[in-house]
Amino acid sequence: MRNGTKLAKHFSMSDHLLKFGVLYLLVLLIAVASMMSRQFLTAQNALNVLRQVSPVIILALGEGIVIITAGIDLSVGALVAMSGMIAAGAVSFWNLPTFAAVLLAVLFGIVFGLLNGIIIAKFNISAMIVTLATMNAARGAAYLYNDGAQIIGLPDSFTDIGRGYLGPIPIPAIIMIILVILMVLLMNQTVLGKYLYAIGGNEEVARLAGIGVLKTKITAYAICSMFAALAGVIYAARMNMGDPAMGEGLEMDAIASVILGGINLYGGQGSILGAVIGAMFITVLGNALNLNGVSSFWQLVVKAVALIVAALIYTKKKV
Amino acid sequence: MEQPNRGQIVAELQDISKRFGGTVALNQVSLTLKKGEILGLIGENGAGKSTLMNIMSGALRPDTGTILLNGKSFSHLTPAQASQYGVQIVHQELSLLPDMTVAENIFLGKELQKGPGFIRKQECRDRARKILEQFEIDIDVDQKVAELSSAQKQLVEICKSLAGTIEVLILDEPTSSLTEREMVSLKRILPILREQGAGIIFISHKLDEIKELCDSIAVLRDGNLVRREQTGDVTIENMVQFMVGRDIHDEYSRPRFQGDRKLVLEIRDLSSKQYGEVELKGLNLKVYAGEIVGIFGLIGSGRTEMIKALHGLRTIQQGTVLVGGKQMEKLTPKRMISEGVAWVTEDRRHEGVCLSMSVKNNIGMPIYGQVSKMGFINNRRLNETVERYMKHLSIKTSGENAWAETLSGGNQQKVVLAKWLALGPQLLILDEPTRGIDVGSKSEIHRLIRELRDEGMAVLAISSEMPELFSLADRILVMRNGSITGEIPRQAGESVSEEAVMKLATLGA
């Protein structure tokens, strides 16, 4: 009897749609895009999209775990610019080897995230305010770093991170796939993953269960910024330059991916894979609009509508 | 199994004091607990029981005092430390995460691990299943907690405390929402834990349970430990006297309202069903001017849900609501207020007062419209009204501009009352009007409610404290499982038996 009701619950249409809805939407979007543009469903474009989507997915993974703890991080877009500048500066000004430059940028990301996390968790200040502030600080620092100028002329070993291939697969995609696997493991198999959900579900319950709320929240922001820094390196490598204006509005893409992917904006619920699919949706949408000659200004509006609609659908279900 | 050292002290609290704002919650309380002892901790609501236990389990920090666990001394504990030293607590309010499974909840914060932070999922599930079996509880460990009934949740809450090592087990009113069958499980598990040498602290308002289960009792009254006795030496009547500190006498007085006994509120055949909440099944209710109707029901009886439905905060399948003889077309809080219905909710801190606003602004909130012209507030009129009610209810503050946060619980509740009374309602709905406030303010609020009744106001009072209803209500309606199972009229001088009420609340008519 109980099994019966459980099954019924499992297959209830609305739950199912909520869980996999964005996946169906993605399929639908691909179908429509293929019909509207002949270039869309080509191997060339598929690889192009795969390369485009990789850093967005990496951003969404980090943003996803922060939102699962009922937090938010607005600083990821600006951090992309700053870490891109650091990595580009390291290879071009200081002639550091590529791996050292990447390491430096990622370390900077971790420190930046720790700072975000400590201010938010330790001093109990709204994540929205703190990351709004640090977003501007990071953007400002990115401009200050080279007096507002871009850093160009980067070695091939560096640009390969964004442009290279391993066999047929773009290197950013390989980095992205490894991180997705790690994050899925983290969220489903580890204590830290459970604690992130628990804190988002009910911080007081988590505290009373003896969970180190402070440490866990700080870790979430550190991971988020670390991933954003890595995404920044990939963007810089792909563009063959450090650009202080890079990543403008990427926080919007990251947050939209997470919400589209069905992660509850108020924390505690949702799958990190949802964020991955959400990021694919956002990127494919942008790509399809591009191929059909829709201006990037209109793309902003379309993405905004998609985000609001997604938030509306998921919020409605909550009540 | 090794022989536990019975009689050895497992935990000791020394001179624990705690203040909340202006209220003294605990005053130099000392208490010892031995291995294998089941201690019943009793006291009226607000006596400090939960505060003391929250200090022992690390949820709260004491202002002064020492906690000794197995001889180790602490000035305060964190929840993780307490759990590590074997202090496990079953909270009065459920502390479960609805989106996680039963097994995940039971092992939250104490996950069995392997490698760098990986969870032994299978082992956690097996252990959780074993704990449930020990209780003979039939719940699937993979089910999400959101899908459980409230009694099942309560059982999971208890099981959660059994996942770690247990030196001290604290049960804070675990039985309020348990059914008879689940009580049997609990009564079986406590002696087993006692045999294993755990010290158990059991908080309950059901004194017969205390008498049955506990070896000894400790009585708290207004933050002071007033008695420590062996259960065998005292009767239930003694316990009640210790708790109240006076002989109980019926404070009930008959209504003196002489006017027209007009029907103020009528609910006809109200049914409301909503996923995950108590279902209301065909409720009928009448409240007349100049009377206090009391509603008694345990958790899950649907008492608060009824009031929510009345304000349109739940989906209503059928039924009619009439206020002052007028049928309500659409139910919303705003409509109800404009018909003169004031609702003092049960959750004072979240739904009653704005803690970071001044007393004046709290009281003024619903009457700004009445004291303003073209959107401009007439400050003189506002101040007059606020002052009148502050005086009338004798609210103790440093002034009308003091933050509500700085007031004691009792005075905060008076602020909430003042806010609604300023509207001049014809019906006052009170949900747990004196929860968690001190005895002094309590009797003041009771007196005030009686005065309002005598002036002709209709009052609907919900309470889970029977003595409160006995002293207030002119009629007591008992709710169970979303219906009203009986009505107990009052006659001055005639006492009502608690048993009769409890029987209606637990077994139905």
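Over residues 258-285 of chain A in this predicted model, the chain is 61% helix and 0% strand, with the end C-alpha atoms 15 Å apart. Helices (H or I, at least four residues) and strands (E, at least two) are DSSP runs, numbered from the N terminus. Over residues 165-187 of chain A, the figures are 74% helix and 17% strand, and the end C-alpha atoms sit 29 Å apart. Both stretches are among those that an unreviewed UniProt entry marks as "transmembrane region" in chain A; such annotations may be inferred rather than shown by experiment.

Residues are numbered from 1 along each chain as its sequence is written, and chains are lettered from A in the order in which they are written. Local features need pLDDT of at least 70, and side-chain atom pairs count only at pLDDT 80 or more, while totals for chains, interfaces and linings use all residues.

Next come two packed helices. Helix α7 (residues 156-163) and helix α11 (residues 213-239), both of chain A, pack at about 110 degrees with their axes 6 Å apart; axes are lines fitted to C-alpha atoms over the stretch in contact, and angles run from 0 to 180 degrees between N-to-C directions. α7(A) and α11(A) are therefore roughly perpendicular (65 to 115 degrees). Residues in contact (heavy atoms within 4.5 Å) include A:F158 and A:I161 in α7(A), and A:V233 and A:M239 in α11(A).

Notes. Heavy atoms only, no water. Parallel < 35°, antiparallel > 145°, perpendicular 65-115°, else oblique.
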